[in-house]
Amino acid sequence: MTGSELKQIREAIDMTRQELASATGVDYGTIWGWEKKNSDLKAWVPLALASLGEGKFKLIDGEIWVRASTQKVNGFIEPEYEQQALEI
């Protein structure tokens, strides 16, 4: 995963850099640097993103899927995910 892919995901889930920094345990400057330099990120970054709560992400066969919407199925709310062009 690169810094620009991180930015794309962060924006897709409507998080600020500060919110992402707090959620992943790094500081704002680290997130900013990753996005700005567009370098390859450490392997734990996509895993940290995937673990962010409330079903915003899913890892399917090493690819990150972002929740796009929800639908009601048999009275239960089921999230629908769309694939991002990112592999981990």
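**Contacts, helices and charges**

Tutor: Taking contacts (heavy atoms within 4.5 Å) in the protein chain between residues at least 6 apart in sequence, 45% of them join residues at least 24 apart. Keep in mind that this is a predicted model, where local features need pLDDT of at least 70, side-chain atom pairs count only at pLDDT 80 or more, and totals for chains, interfaces and linings use all residues. Residues are numbered from 1 along each chain as its sequence is written, and side-chain values use heavy atoms, with hydrogens and water left out.

Student: OK, what's the mean pLDDT of the chain?

Tutor: The mean for the protein chain is 75, and 58% of its residues reach 70 or more. pLDDT is the predictor's confidence in each residue, from 0 to 100.

Student: And where is confidence lowest and highest?

Tutor: Strand S3 (residues 76-87) is lowest, with a mean of 54, while H3 is highest, at 93.

Student: How many helices and strands does the chain have?

Tutor: Four helices and three strands. From the N terminus on, the order is α-α-α-α-β-β-β. Helices (H or I, at least four residues) and strands (E, at least two) are DSSP runs, numbered from the N terminus.

Student: What share of the residues is buried?

Tutor: Buried residues are 33% of the 88 in the protein chain. Buried means under 20% relative accessible area, exposed over 50%, and partly exposed in between (1.4 Å probe, protein chains only).

Student: Let's go to H1. Which residues are buried there?

Tutor: In H1, which covers residues 3-12, the buried ones are Gly3, Leu6, Ile9 and Arg10. Looking down the axis of H1, its buried residues fall within an arc of 120 degrees, so they line one face of the helix. The arc is that of the directions from the helix axis to the C-beta atoms.

Student: What follows H1?

Tutor: Asp14 does, and its phi is positive, near 60 degrees. Asn38 also has a positive phi, near 55 degrees, in a residue other than glycine. Asn38 sits in the loop between H3 and H4, and at 37% relative accessibility it counts as partly exposed.

Student: Back to charges. How many salt bridges are there in the whole structure?

Tutor: Two turn up. A salt bridge here is a side-chain nitrogen of Lys or Arg within 4 Å of a carboxyl oxygen of Asp or Glu. In one, the side chains of Glu35 and Arg10 meet at 2.6 Å, N to O. Glu35 is in helix H3 and Arg10 in helix H1, so this pair ties together parts that are 25 residues apart in sequence.

Student: Are those two buried or exposed?

Tutor: Both Glu35 and Arg10 are buried. Glu35 counts as buried at 7% relative accessibility.

Student: And which residues make the other bridge?

Tutor: Arg17 and Glu35, at 2.7 Å, N to O. Arg17 lies in helix H2 (residues 17-24) and Glu35 in helix H3, so that pair connects parts 18 residues apart in sequence. Through shared partners, the salt bridges join Arg10, Arg17 and Glu35 into one network.

Student: New topic: how many aromatic pairs?

Tutor: One. The rule is that rings of Phe, Tyr and Trp (its six-membered ring) pair if their centres lie within 6.5 Å; planes under 30 degrees apart count as stacked, over 60 as edge-to-face and the rest as tilted. The rings of Trp34 and Trp44 have centres 5.8 Å apart and planes at 65 degrees, so the pair is edge-to-face. Trp34 is in helix H3 (residues 28-37) and Trp44 in helix H4 (residues 44-50), ten residues apart.

Student: How accessible is each of them?

Tutor: Trp34 is buried, with a relative accessible area of 18%, whereas Trp44 is partly exposed at 36%.

Student: What else is Trp44 in contact with?

Tutor: Leaving aside neighbours within four places in sequence, Trp44 is in contact with Thr24, Val26 and Trp34. The C-alpha atoms of Trp44 and Thr24, 20 residues apart along the chain, are separated by 9.9 Å.

Student: Where is Thr24, then?

Tutor: Thr24 is in helix H2, and it is buried, with a relative accessible area of 18%. With the neighbours within four places left aside, Thr24 is in contact with Ile31, Trp44 and Ala48.
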